[in-house]
Amino acid sequence: MEILRELHDRRAYRAISDAPLPGTALEHIVRAGTLAPSCYNNQPWRVVVSSGESLDALKASLAEGNAWASRAPAIIALAARECDDCRQDEGREYALFDAGLCAMAMMVQASAEGLVAHPIAGYNPKKAKAALGIPADFILITLIVVAHRGDPDSPDGALLKDWQRERDKGERQRKSLSDIAYRDRWGQSFA
Ligand SMILES: Cc1cc2nc3c(=O)[nH]c(=O)nc-3n(C[C@H](O)[C@H](O)[C@H](O)COP(=O)(O)O)c2cc1C
């Protein structure tokens, strides 16, 4: 296979099971996140793994379009502050970038564990931060919904909107390489 299986198989599925996760999965996922590179090794990412007392309050912060996520046995909140990482000229603020690398490492690990790890931005950040006790000066960048994959046509998919159910069953959508990649100089064909 040309592309790593964990990258190829990762999808932001919305039909999820409410079954418990394997005992060590969340620790593996967080450990994988810590292996991400960061500017000057600043490691600006902070995560709150919500799988117990805070989970219901966190789910109350979900946007209506993310009702499907309320079945999840765990949600990982990823936060960072710009002041904890490199801030370079020309708009190069690296905290969110480095946190994104951490997020991807966690999602790839989850994929290797056979789990769905679906990042979302659709939540009320003030409510979510309050639910988890995240300090006000941190940016809550994303919530990563972690679960076993479900069957969209079973009760696992009952909270999905029709378009979400169809998206789960459909092909992955991506721009073509010619839309996003150039060879040697901006605008020159990559092919
Ligand atoms: C920063 C970010 C925010 C996202 N927010 C949401 C969201 O609020 N709800 C949702 O269902 N999916 C959300 N997604 C998932 C994207 O819709 C999904 O990754 C994209 O459609 C590509 O699909 P794929 O990951 O299955 O390849 C988000 C993804 C990212 C990276």
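How many bridges join β1 to β2, and in which sense do the two strands run? Select both: 5 bridges join them, and they run antiparallel. Strands (E, at least two residues) and helices (H or I, at least four) are DSSP runs, numbered from the N terminus. Two strands pair if DSSP finds at least two bridges between them. Strands of a sheet pair through backbone hydrogen bonds, either parallel or antiparallel.

Before going on, note that this is a predicted model: local features need pLDDT of at least 70, side-chain atom pairs count only at pLDDT 80 or more, and totals for chains, interfaces and linings use all residues. Residue numbers start from 1 along each chain as its sequence is written.

**The sheet**

Next, show the whole sheet, an open one of 4 strands in the order β1-β2-β6-β5, with antiparallel pairing. β1 (46–50) and β5 (116–120) are at the edges with a single partner strand each, so one side of each has no neighbour in the sheet. On average, neighbouring strands are turned by 20 degrees against each other, direction ignored. Axes here are lines fitted to C-alpha atoms, for helices over the stretch in contact, and angles run from 0 to 180 degrees between N-to-C directions.

Pick L78 in β2. On one side, V47 stands opposite L78; in β6, T142 is opposite L78. β2 and β6 pair over 7 bridges, antiparallel. Then move to β5, which pairs with β6 (residues 139–147) over 5 bridges, again in the antiparallel sense. There, A117 stands opposite V146 of β6.

**Inside β2**

Colour β2 by burial. A residue is buried if 20 or more other C-beta atoms, placed from the backbone, lie within 10 Å of its own, exposed if 12 or fewer, and partly exposed in between. In β2, 7 of the 7 residues are buried, so the strand is largely enclosed by the rest of the structure. In a regular strand the side chains alternate between the two faces of the sheet. A74, I76, L78 and A80 point one way from β2, and I75, A77 and A79 the other way.

**Helices beside the sheet**

Select α2 (residues 25–34). This helix lies across β1, β2 (74–80), β5 and β6, and runs at about 170 degrees to β1.

Now select A110, in helix α4 (residues 95–112). A110 counts as buried because 26 C-beta neighbours lie inside 10 Å. Leaving aside neighbours within four places in sequence, A110 is in contact (C-beta atoms, placed from the backbone, within 7 Å) with I29, L115, A117 and V146. A25 is 85 residues from A110 along the chain, yet their C-alpha atoms are separated by 7.5 Å.

In α5 (residues 125–132), select A128, K129, A131 and L132, which are buried. Seen down the axis, the buried residues of α5 fall within an arc of 160 degrees, so they line one face of the helix. The arc is that of the directions from the helix axis to the C-beta atoms.

**Two loop residues**

Where is N41? Look in the loop between α2 and β1. Its phi is positive, about 55 degrees, although N41 is not a glycine. N41 is exposed, with 7 other C-beta atoms within 10 Å. E90, in the loop between β3 (87–88) and β4 (92–93), also has a positive phi, near 60 degrees. E90 is exposed, with 4 other C-beta atoms within 10 Å.

Terms used. Two residues are in contact if their C-beta atoms, placed from the backbone, lie within 7 Å.
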